[in-house]
Amino acid sequence: MSVRNFIFNKSLRQTSLLRQIRFSSCWSCGKDVKNVEPNLFCGNCNALQQPPRDENYFKIMGVKESYDLDESELAKKYKELQKYLHPDKYANRKKEEQEISEKYSSLVNEAYKTLLEPLNRGIYMLRLQGKEIPEQTEVDQAFLMEIMEKNEEVENAETEKEIMELNAENKAKINSLQKEVSAAFFEGDMKKVIKLLGLMKYYTSIDTQIQLSIRNKGIIR
Ligand SMILES: [Zn+2]
C-alpha cells in the first residue's frame, strides 16, 4: 500500500469512527453510549436508545448469523428484548422514549417473525446477499401433481386424526428441506438455496392451510 493510500484509508477509518461515536451518543443526555450493555439504555441517564442502524435481523436479535439457528434461543432473546422494549413500560416516560420503544419493539417483532420461520429466514438471508427467489420457479410436473394432491387431501380431511397426520407429514417435509437449505447455505451454493426455497414455498403454503384447518376444527394441541 502506498503512503498516500495509507493516509487516505486512515482518514477514512477515522471519519467512520467519528460517525459511529456520533451515532452512539445518547439522544437524551448526549453522552457516549458505546459499550453500554445490553446496549439498549444509556448508562448515564438510562434513556432507551434508538435501534441500531443498518444492522441485520440476526444482530438485532443477538443470535448467530446462520440458517441453522437455534429457535429456542431466538425465542429466549425475543422475550428478553420485549421485556425491556414493550411500549407499555414507557407509558409514563418522555414522548421521544415512547416513540423509540414503539419503533424498536416493532422492529424486534418483525425480526423475530422473519427469522423464526424457515422459509422467511431463507428468503431474508438470500436478500442479505442481494438475491431473490424468482416468481416463477422451475418445478417438474410430478412435483406439482404431488402438491395438488396434498392440497386436496387437506381440503377433504375431516377428522382430527386425518388432519394431524397430514400435519406431521408436511412438517417432516419442511424439516428435511430445511436441513438441505442449511447445507446449501453452508456450501455457499446459492443456486441450490434458491431452488430448495422455491420448493419449500409450496409446503409452507400447505402448512398455512393445515394450520387454518386445525384452528377451524377447534383442535387443541
Ligand atoms: Zn443518556
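How many cavities of 30 Å³ or more does a search of the whole structure find?

Colleagues, what you see is a predicted model, in which local features need pLDDT of at least 70 and side-chain atom pairs count only at pLDDT 80 or more, while totals for chains, interfaces and linings use all residues. Residues are numbered from 1 along each chain as its sequence is written, and side-chain values use heavy atoms, with hydrogens and water left out.

Let me begin with the overall fold. The protein chain has 8 helices and 0 strands, where helices (H or I, at least four residues) and strands (E, at least two) are DSSP runs, numbered from the N terminus. Read from that end, the order of elements is α-α-α-α-α-α-α-α. Of the 221 residues in the protein chain, 35% are buried; buried means under 20% relative accessible area, exposed over 50%, and partly exposed in between, with a 1.4 Å probe and protein chains only.

I turn now to the metal site. Which residues coordinate the zinc ion? They are C26, C29, C42 and C45, each through its SG atom, at 2.3 Å. Donors here are N, O and S atoms within 2.8 Å of the metal (3.2 Å for Na, K and Ca), and water is not among the atoms, so sites may look incomplete. Along the chain the donors follow the spacing C-x2-C-x12-C-x2-C. Within this set, C29 and C42 link distant parts of the chain: they are 13 residues apart, and both lie in the loop between helix 1 (3-23) and helix 2 (57-61).

Why is the arrangement called tetrahedral? The 4 donor atoms subtend angles of 105 to 113 degrees around the zinc ion, and this makes the arrangement tetrahedral. By the rule applied, four donors count as tetrahedral if all angles lie between 85 and 135 degrees; four count as square planar and six as octahedral if opposite donors are over 155 degrees apart and all others between 65 and 115, and anything else is irregular. For reference, ideal angles at a metal are 109.5 degrees for four tetrahedral donors, and 90 or 180 degrees for six octahedral ones.

C29 is partly exposed at 31%, as is C45 at 32%. On the matter of cysteine pairing, a search of the whole structure finds 0 disulfides, a disulfide being a pair of cysteine sulfur atoms within 2.5 Å.

W27 is placed in the loop between helix 1 and helix 2 and is partly exposed, at 27% relative accessibility. N46 is partly exposed, with a relative accessible area of 46%.

Elsewhere, A111 is found in helix 4 (residues 95-116) and is buried, at 0% relative accessibility. A111 and N56 are 55 residues apart in sequence, yet 8.5 Å apart in space, C-alpha to C-alpha.

I return to my opening question. The search finds 1 cavity of 30 Å³ or more. On a 1 Å grid over the protein atoms alone, a cavity is a set of points where a 1.4 Å probe fits but cannot get out, and a pocket is an open set with protein on both sides within 12 Å along at least five of seven lines; lining residues have an atom within 4 Å of a point. The largest cavity holds about 60 Å³ of space. Helix 6 (141-156), helix 7 (160-187) and helix 8 (190-216) each supply at least two residues of its lining, and helix 7 gives the largest share, 4 residues. Among the lining residues are K150, E169, Y203 and I210.

Finally, the second largest pocket is lined by residues including P134, E138, K191 and L199.

Key. Grid points are joined across faces, edges and corners, and a volume is the space filled by probe spheres set on the points.
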